[in-house]
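Let's walk through this one together, in a few questions and answers. Here is what we will be looking at.

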Amino acid sequence: MAQRWGVRLMFPPDLFSSTEFWTASVVALVGGGGVGAIIGAVSSRRKDTAQIAAQACDILTDSVIKPLREQVDSQEEQIQHLESQQRKYFVLAAYTRSLFHWLQTFCEIIEPGFLANHPKPHLPDELRADIAPETLED
C-alpha cells in the first residue's frame with residue numbers, strides 16, 4: 001500500500017521481532033499517555049452507557065409506568081365504588097324482599113283469598129343467586 005502512494009517505507013526485516021522495538025513501543029504508549037487514553041476511553045464509554053441507561057429508565061418510567069400506575073389507581077377507585085354500590089344493592093334487595101314477605105302476611109290476614117286470586121310473581125332465575133340464594137339447589 002505504501003508503494004501505491006509513491007512512498008516507500010523501509011523497515012528492517014527484524015524490526016517487529018526485536019526486543020528494542022517492543023520496549024520502545026511500550027515506553028512510548030505508557031509515557032505518551034496511550035494507555036491512559038485507552039483507559040479513559042473505556043471509562044468514558046461505560047459512563048455514557050450508564051447515562052443512556054438511566055435516561056432510558058426515566059423515559060420508560062415517565063411514558064409507560066407512570067400512566068399505567070395512574071390507570072391502575074383509577075380502576076381501583078372504580079372497583080371500590082362499584083363494590084360499595086353492590087353492597088347497597090344487596091341491602092336494598094334484602095329489605096325489599098322482607099317488605100314483600102311482610103305484605104304477603106298482611107294480605108293473608110286482611111283478605112284470606114287474596115293470594116289465590118293474585119299469585120306472587122315468579123322470581124327470575126337470573127336474580128335468584130343474588131336475591132334468594134337459599135332457594136338454590138345444591
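Q: Which element gives the largest share of the lining of the largest pocket?
A: This is a predicted model, where local features need pLDDT of at least 70, side-chain atom pairs count only at pLDDT 80 or more, and totals for chains, interfaces and linings use all residues. Residues are numbered from 1 along each chain as its sequence is written, and side-chain values use heavy atoms, leaving out hydrogens and water. Helices are DSSP runs of H or I with at least four residues, numbered from the N terminus. With 9 residues, the largest share of this lining comes from H2.

Q: Which residues lie closest to the centre of the largest pocket?
A: A pocket is an open set of points on a 1 Å grid over the protein atoms alone, where a 1.4 Å probe fits, with protein on both sides within 12 Å along at least five of seven lines; lining residues have an atom within 4 Å of a point. H2, helix H3 (114-117) and helix H4 (125-131) each supply at least two lining residues. Of the 21 residues that line the largest pocket, the closest to its centre are Arg97, Phe100, His101, Lys120 and Pro121.

Q: Is Leu92 buried or exposed?
A: Leu92 sits in helix H2 (residues 34-110). Buried means under 20% relative accessible area, exposed over 50%, and partly exposed in between (1.4 Å probe, protein chains only). Because its relative accessible area is 51%, Leu92 is exposed.

Q: How far apart are the C-alpha atoms of Thr105 and Leu115?
A: Thr105 has its place in helix H2. Thr105 and Leu115 are 10 residues apart along the chain, and their C-alpha atoms are separated by 9.9 Å.
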